[in-house]
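Visitor: Could you walk me through this structure? I'm new to this, so please go slowly.

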Amino acid sequence: MNKPVESAGARSFFSASEDRNERWRELHRLAKALASGQTDKLRQEATALLGQLTPLEELCGYPGPRLMAQVGERLKEGDGATLARLTQRISVALLTNSYRDDPEAWKSDEEDDDPHLPSILPPSIGRGQARKPYAEVLIVSPGERSTWEPTRESLRKLRRDTDQFVVEPVVVGSFEDAVLAVLVNYNIQAVVLFDGFGYPSHAPLADLRELIEAYLPKAAAARDGDLAMLLSRAAHAIRPELDIYLATDRDVAKLAGADEASGVRRVFYALEEMLELHLAILEGLQERYETPYFDNLKKYAQRPIGTFHALPVARGKSIFKSNWIRDMGEFYGANLFLAESSATTGGLDSLLEPTGNIKVAQDKAARAFGGDRCYFVTNGTSTSNKIIHMAVCRPGDIVLIDRDCHKSHHYGLVLAGAQPYYIDAFPLTQYSMYGSLAIKPITDALKQLKAEGKLDRVRMLVLTNCTFDGHVANVERTMLECLAIKPDLIFLWDEAWFGFARFSPFLRRRTAMGAAAKLRAMFSDPQYKKRFQESKGALPDPEKVRIRVYESDSVHKSMSCLRQGSVIVVADQDFHTVEASFKEAFFTHTSTSPNLQIIASLDVARRQMELEGYELVQRAIQLAVEMRREVNQHPLISKYFKAATPAEMIPAEYRKSGFTDYGQPGWTLAKLIGALDSDEFFLDPTRITLLCGNAGYDGSQFKALLASEYDIQINKTSRNSVLVQININNTKSDLAHLIKALADMSRAIDKRLAEGGAPEQATFKARVKSLVEDVPDLPNFSRFHDAFREDPKSKTAEGHMREAFYLAYDAAAREYVKLNAKEVDERLKNGPEMVSAKFVIPYPPGFPIMVPGQVITPETIAFMRKLDVKEIHGFNASLGLELLKPAALAALKKGVKKERER
Ligand SMILES: Cc1ncc(COP(=O)(O)O)c(C=O)c1O
């Protein structure tokens, strides 16, 4: 199969590090060939390759101008042997990241005694000191190129042995080059803008130009504005965590107080004080590096503390002195126990009433995740969700909710007493899974509620973003369209899987906090009022609209955090109105013995994401795109397996841009980002639905095979697929592991079919057909039984689920019917209606097929009978379906009627 031609920009975005390493390897190969026999052709090839590499390398601290110049010189001289050694050294250093702390990486081949070397090498390198974290600072200079090296040198000279970080300067000369550097150089942690630089880049490469245009579609139009301020905003739009400094000879006092400079961390007057700049850069880094809770916990663990409270494992004596459980101590190490306490003294702070380092850690997390507030939760997003439901909903409130939301929401609604109005996601019947909830059914529901005079009871909309299978909502449009109908609607975005997206400029726009920030900016724009008036009600009323957004996020699912570490991130203009109930809800659900290590790891995960989240997420996306490409273009593997494309996972009506796949021929990065902005749904590239039906495996079978034969763990399955999740932990070796397994399996199937002859082939074909074509329909939410509806004639679907839930606590109100019993079919045909007493939740994926009070339909039964997951919460096959007795329902109905008549 021919490889589709990706646009250069899209490729340089999705495969930047892969391509960079590949080019250096290729240059090394050419250098070796040159060394063994010169040809003009080889030299020309190497020169052209170096020409492609140079504009990109100029944006990076390593190998840096000095080594790059040497590479160029050796090539010009035709010194293949030296060039080969040099390019090998650079190539290995880039591949292994060793340049961050290995002096050898910075030396050129023949320059061991280079007198300039000590100033070039960061002080921790080569001077026998402990490794310090390495960062690069981008200097945007108006000066001639000849002044750049002295600028770099003057900053390097300020390094002191006592510095906590090693900072290497990178100099560029224009707005566009600065944007490119921020995009492609992951090491950049701070940007220093020397006022007076120009706009255009002189980089000749089309792919780099495409990158700029993709990220800055409007910047070109603003060339005449204040470039320093524009660049500060552009850099933050890409990487909000960067520290930005401005050196100017304008009126600094005035500028420093101006609104447009609010993103600038510090303004310097013409850099009178280079040392001040150096110290400011270090302090900015330190602010992100500091993990107040973790740092204190480490200190606490070192102190000789006597404990007279509960928790015998604290300090570890009951373990290390034990005759029988010492292996636990050996396995986990002493620190786990030294860092344990059930007290909140010693600076450990209290998760329930944080006033010290937990509070500071949470504030830092709020900054990192883009909210106004952040709360640490140590019992997973299951608990975060319940806290939010209880905090903002009151009994009787109506909550619009995607029926496929995680079970914690449904339980949260029972606890809060709010009435769910279930709306169904679009189905992907062919893969036995649901997609996500489209905007129209939500706005239709809101309009119907409005028509029936119930809009004031509607409190919240709950949606999952992204879904287990990677459907990413158009968060901004969803909120905009809903707010146009109900301007004070609260949104709960369950981003359990999507926390990492905050750190990708590509995906951030489709996160709850990314969209909330955009809407805030939109509504506060003086032009907005006019737009609203012209919109004829399609936009929210600026006089009434409120931004009330809650995001729950399993940090443990996509970042380096211990299991159950979760956060609630809040951007709620009216938080003061729910602050007290939020506290109550937090108290209700939070253990009085929260796990200290989980809190510490939330703090550390935040540090990592603020300092290297961009790089890690970018690499994970690149790896995932590569994985998709490898599976679908491999001649053998693609016979039996497929990574489902966005076109296969998202119906065309929700992909109006026409986007079908990553690497789609002819699609520039700008066009791809356009799709990301406009399409109703987008597929998270890192969540790969691997279709295995054509290989004759159902999802569970395939998952078991991967685990038993190949040591590969997968979590979620469907009838004919498994979900491969790529995260910041995955490497190229993992990719190779899975690809090898798929190739081995494909080879084995080929062999079996060839050797088994016609009978084997017929059996295989039938099996594939059953898996791929004979798929059960997915049951929609039917309705709540009339006993749980205030007005059975109402067209809106909300119901008293909590009443049904508690009715089932009464044994006399319950009955059981075996799933396969004739009675089930009988009752489906002739009644009485079967009404679920329980949540019935197959896991994974963990959303309810039935909820308490729901009328059971033939579709639900057909689906249950075909269900192939082992764990079905709320269903005991030997007892059967747990139902509410018709008599109990009738009695309830009568009782409610009496209650209403009174
Ligand atoms: C969408 C969604 N929300 C919430 C959760 C629960 O998260 P946690 O495992 O952190 O409790 C899950 C778990 O799978 C989920 O898929």
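Visitor: Okay, where is R315?

Guide: This is a predicted model, and in it R315 sits in the loop between α14, which covers residues 292-302, and α15, which covers residues 317-320.

Visitor: Is R315 buried or exposed?

Guide: R315 counts as buried, because its relative accessibility is 10%, and the cut-off for buried is under 20%.

Visitor: And what is its phi, for R315?

Guide: The phi of R315 is positive, at about 75 degrees, although R315 is not a glycine. As background, most residues other than glycine have a negative phi.

Visitor: What about D711, where is that one?

Guide: D711 lies in the loop between α31 (699-710) and β19 (717-718), and D711 also has a positive phi, of about 55 degrees, without being a glycine. D711 counts as exposed, since its relative accessibility is 67%.

Visitor: Switching topic: which peptide bond is cis at P63?

Guide: The bond from Y62 to P63 is cis, with omega near 0 degrees, and P63 is placed in the loop between α3 (40-57) and α4 (64-77). Another cis peptide bond joins G831 and P832, where omega is about -5 degrees, and P832 is found in the loop between α34 (822-830) and β22 (841-843).

Visitor: Now helices: at what angle do α22 and α23 pack?

Guide: Helix α22 (residues 475-485) and helix α23 (residues 512-524) pack at about 50 degrees, and their axes are 8 Å apart. That angle makes α22 oblique to α23, and α22 passes α23 in a right-handed crossing.

Visitor: Which residues make the contact there?

Guide: On the α22 side they are V475, E476, M479, L480 and L483, while α23 contributes A512, A515, A516, K518, L519, M522 and F523. By type, the residues of this contact divide into 10 nonpolar, no polar and 2 charged.

Visitor: And S554, what does it touch?

Guide: Leaving aside residues up to four places away in sequence, S554 touches T381, E495, A496, G565 and S566. S554 is placed in the loop between β14 (548-553) and α25 (555-558), and S554 is buried, with a relative accessible area of 2%.

Methods
Residues numbered from 1 in each chain as written. Predicted model: local features only at pLDDT ≥ 70, side-chain atom pairs only at ≥ 80, totals over all residues. Heavy atoms only, no water. Axes fitted to C-alpha atoms, helices over the stretch in contact; angles between N-to-C directions. Helix = DSSP H or I, 4+ residues; strand = E, 2+ residues; numbered from the N terminus. Parallel < 35°, antiparallel > 145°, perpendicular 65-115°, else oblique. Left-handed = near helix turned anticlockwise from the far one by under 90°. Contact = heavy atoms within 4.5 Å. Nonpolar A, V, L, I, M, F, W, Y, C, P; charged D, E, K, R; others polar. Buried < 20%, exposed > 50% of the residue type's maximum accessible area, 1.4 Å probe, protein only.
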